[in-house]
Amino acid sequence: MVEEQQELQRGLKNRHVQLISIGGAIGTGLFLGAGKTIQLAGPSILLAYLITGCVCFFIMRALGELLLSNTNNHSFLDFVAEYLGKKVAFVTGWTYWFCWVAIAMADLTAIGMYVRYWVPGVPQWLPELIALILLLGLNMVAVSLFGELEFWFALIKVVSIIAFIIVGIYMILTHYKTSAGPASITNLWSHGGFFPTGTKGFILSFQMVTFAFTGIELVGLVAGETKNPEKVLPEAINNIPIRIILFYLGSLFVIMSIYPWNSLDANNSPFVEVFSEIGITIAASLINLVVLSAAASACNSAIYSTGRMLRSLSQEGSAPKKFHQLTSHRVPGNALVFSTIVIFISVILNYVMPSEVFTLVSSIATTCFLFIWGILVYTHLKYRKSMLGKKEHTFKMPFYPYSNFLVFAYMIFICLVLFLGKDTRIALLLTPVWFIGLLIIYRMKYEKQSL
């Protein structure tokens with residue numbers, strides 16, 4: 001380890017950050033989780049994604065305004081400490097680290113499931129172990145390599161989804177005949193209506209929809225390692241609504257128009273399933289490769305995030321000092337290795353209970369991200385109040401403070417959704433144990449230092 005170089009490398013370029021911001025909005029939640037949400041809500045899932053996308057845009061604008069108010073801060077955790085205090089920053093930092101650990105676990109699980117599409121006999125845990133080792137090695141090299149890798153991962157996702165939408169539109173316009181009938185926009189309402197599962201199904205779908213957007217704030221985390229945050233960050237954040245409409249609504253609209261919602265398998269990627277069912281085997285394999293790269297991309301981002309967050313915690317004195325150390329490549333090597341060891345638990349879980357892991361870890365991640373997003377928006381609220389009568393940054397959150405309260409209302413709504421779902425309730429009920437444990441640790445640490 002090199003002690004002298006204690007500043008993270010600002011090796012990310014504008015194209016890296018722009019594509020990373022797209023990658024943060026396109027992940028396993030869309031490619032794999034969409035199957036479950038379509039079964040829960042049917043075509044009304046489009047409305048669920050639109051509502052959640054609007055809420056996430058407000059969250060990102062709050063984050064953007066905070067980060068640009070002081071570009072010397074490398075993460076939103078610095079602002080939490082400044083406006084809400086060290087105790088809240090301690091709990092928030094460790095929770096955010098745990099969020100990304102859970103995200104990585106979900107993505108690794110998806111990798112194992114996608115590989116089994118080609119090799120059904122392979123144990124689900126084996127591809128995950130290989131992927132985890134490879135991604136750790138790539139993250140240990142340099143942040144510029146991370147940026148380059150994410151650039152190409154995201155580019156593959158973007159080009160593939162656009163191609164998928166174009167092919168899908170052609171199939172819809174030509175009424176391409178599938179085993180379930182011709183592709184048509186009428187499939188959106190001719191199989192039980194737009195809300196075929198009723199209000200309950202529509203509401204329950206919000207858990208996986210919200211999970212699909214977890215990690216969208218990654219663009220804020222990488223701002224500390226970009227060369228020109230004042231220019232790059234606003235561009236990345238303001239383009240989020242267009243990306244949500246194109247990638248989420250566009251792709252799901254095409255999927256449910258080509259194939260009726262009630263004919264899709266909740267446990268498989270609907271992207272792969274559409275092409276498999278209509279007999280285009282090569283296209284199905286290509287799409288599976290794309291969704292596999294999406295899962296690898298999301299896991300790569302998760303490993304990156306856990307390392308940076310653990311280093312921030314170390315800087316604040318909330319984690320061991322060794323996690324602050326950088327390698328000769330100016331990446332937080334110790335923090336990355338420790339985080340990867342914890343993520344390895346996913347490999348063990350997939351060995352013991354492979355069919356239940358994805359729902360478990362995705363609901364845990366969703367629950368923890370609700371807390372993070374709530375704290376982020378509350379920190380923004382405190383920041384704006386502190387700026388009364390002072391010169392504020394021009395990149396302001398729209399409709400403040402009503403947009404802040406809208407986000408809070410959405411957080412409460414999702415908590416109720418998690419409680420209603422049998423397979424997500426346990427994650428919600430166990431979450432307070434995590435926070436109580438962190439508060440006990442903080443108190444013990446604080447009392448020890450004060451003696």
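Modeller: Axes are lines fitted to C-alpha atoms, for helices over the stretch in contact, and angles run from 0 to 180 degrees between N-to-C directions. Helices (H or I, at least four residues) and strands (E, at least two) are DSSP runs, numbered from the N terminus. The model is predicted: local features need pLDDT of at least 70, side-chain atom pairs count only at pLDDT 80 or more, and totals for chains, interfaces and linings use all residues. Residues are numbered from 1 along each chain as its sequence is written, and side-chain values use heavy atoms, with hydrogens and water left out.

Colleague: At what angle do α4 and helix α13 pack?

Modeller: Helix α13 covers residues 240–258, and its axis lies 10 Å from that of α4. The angle between α4 and α13 is about 165 degrees.

Colleague: How many charged residues does the contact of α4 with α13 have?

Modeller: Contact means heavy atoms within 4.5 Å. On the α4 side the residues include Leu46, Tyr49 and Phe57, and they meet α13 residues including Ile244, Leu252 and Met256. Ala, Val, Leu, Ile, Met, Phe, Trp, Tyr, Cys and Pro count as nonpolar, Asp, Glu, Lys and Arg as charged, and the others, Gly among them, as polar. The contact divides into 14 nonpolar residues, 1 polar and, for charged, none.

Colleague: Which class of angle describes α4 and α18?

Modeller: The axes of α4 (residues 45–69) and α18 (residues 357–386) come within 9 Å and cross at roughly 50 degrees. That angle makes α4, relative to α18, oblique.

Colleague: Is Threonine 379 buried or exposed?

Modeller: Threonine 379 is found in helix α18, and is among the α18 residues that meet α4. Apart from residues up to four places away in sequence, Threonine 379 touches Leu66, Phe79, Val80, Tyr83 and Leu84. Since its relative accessible area is 1%, Threonine 379 is buried.

Definitions and conventions. Angles under 35 degrees count as roughly parallel, over 145 as roughly antiparallel, 65 to 115 as roughly perpendicular and the rest as oblique. Buried means under 20% relative accessible area, exposed over 50%, partly exposed in between (1.4 Å probe, protein chains only).
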